[in-house]
Amino acid sequence: MKYSVQVTSGGVEKEQKHYDSESGKGPTKIGEYSEQYRFRSGHCTTLQLLRVLHHLASERNCKQYTVAVLLNMEEAFDRVLHDGLIHKLLNTSLPPALTRVVTRVPQSSCLSSELYALYTDDVPTLRDYHEDWEDDVMLALYADDSAYFASSRRADLAAKRIQRLFDLLPEWLDKWGMAVNFSHTAAPLTGSQRIMPNQLRLSS
């Protein structure tokens, strides 16, 4: 059964709704996301938090509203599709023989974290789907937690950019067998306005 998730400031509501994803083109390049701070040398939780706080403070100083979406993937490591992992590994410089050895991703494995990071390396943003005059959403990754931030002088415009991102996510989630943990997902709004101007919907 598919679900439609209604995200409001501070929480998530879920209702049953069928969703049919349409085929489309998405990012195919496999590389290391600079936004991932869990599995990179010289990076840590503190640095990611400082990065996020600096972004929020800068936008607030510019009198911008920021809509944040804090996503947590459900049983993230256990949901990795082995065929999908092999497909992505074959697009790296890893030797094919080694690829066959590391196709299993048990949560307790010392390789799990690095393989999961590679598997989710192409999580969508708006970088290929926004106008030249628009800013991309900010993405912050730490292990299986993802956070998106969209800012604008108007809260409703920031929310609309997050909704455009939500419209891209279901196809990626369905293609790679991932699912959002709704009970650990929230959408806070920063700024003088505390009520989310638009109802955000995420189908998964």
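Colleague: Which ring does the charged end of Lys88 sit over at 3.9 Å from the centre?

Modeller: In this predicted model, the charged end of Lys88 sits over the ring of Trp176, 3.9 Å from its centre, and the charged end of Lys88 also sits over the ring of Tyr119, where the distance to the centre is 4.9 Å.

Colleague: How many aromatic pairs are there?

Modeller: The count comes to one aromatic pair, and it is formed by Tyr119 and Trp176 in an edge-to-face arrangement, with 5.9 Å centre to centre and 75 degrees between the planes.

Colleague: Where do Tyr119 and Trp176 lie?

Modeller: Tyr119 lies in helix H4 (residues 112–119) and Trp176 lies in the loop between H5 and S6, so the pair ties together parts that are 57 residues apart in sequence.

Colleague: And are Tyr119 and Trp176 buried or exposed?

Modeller: Both Tyr119 and Trp176 are buried.

Colleague: Back to the lysine, then: which residues of H2 are buried?

Modeller: In helix H2, which spans residues 82–89, the buried residues are Gly84, Leu85, Lys88 and Leu89. Viewed down the axis of H2, these buried residues fall within an arc of 135 degrees, so they line one face of the helix.

Colleague: Why would spacing like that put residues on one side of a helix?

Modeller: An α-helix has 3.6 residues a turn, so residues three or four places apart point the same way.

Colleague: Switching to the sheet, what is the strand order?

Modeller: Four strands form an open sheet in the order S4-S5-S3-S6, with antiparallel pairing. Strand S4 (138–142) and strand S6 (189–190) stand at the edges with a single partner strand each, so one side of each is left without a neighbour in the sheet.

Colleague: How many bridges join S4 to S5?

Modeller: Five bridges join S4 to strand S5 (residues 145–152), and these two strands run antiparallel; Ala140 stands opposite Ala147 in S5.

Colleague: Which helices lie across the strands?

Modeller: Helix H1 (residues 45–61) lies across S3 (65–72), S4 and S5, running at about 160 degrees to S4, while helix H5 (residues 155–175) lies across S3, S5 and S6, running at about 140 degrees to S5.

Colleague: What does Ala159 touch?

Modeller: Ala159, which has its place in helix H5, touches Val67, Met196, Pro197, Asn198 and Leu200, not counting residues up to four places away in sequence. Ala159 is buried, with a relative accessible area of 0%.

Colleague: How far apart are Ala159 and Ala187?

Modeller: Ala159 and Ala187 are 28 residues apart in sequence and 9.8 Å apart in space, taken C-alpha to C-alpha.

Definitions and conventions
Residues are numbered from 1 along each chain as its sequence is written. This is a predicted model: local features need pLDDT of at least 70, side-chain atom pairs count only at pLDDT 80 or more; totals for chains, interfaces and linings use all residues. Side-chain values use heavy atoms; hydrogens and water are left out. Buried means under 20% relative accessible area, exposed over 50%, partly exposed in between (1.4 Å probe, protein chains only). The arc is that of the directions from the helix axis to the C-beta atoms. Two strands pair if DSSP finds at least two bridges between them. Contact means heavy atoms within 4.5 Å. Axes are lines fitted to C-alpha atoms, for helices over the stretch in contact, and angles run from 0 to 180 degrees between N-to-C directions. Rings of Phe, Tyr and Trp (its six-membered ring) pair if their centres lie within 6.5 Å; planes under 30 degrees apart count as stacked, over 60 as edge-to-face and the rest as tilted. A charge sits over a ring if NZ of Lys or CZ of Arg is within 6 Å of the ring centre and within 35 degrees of the ring normal.
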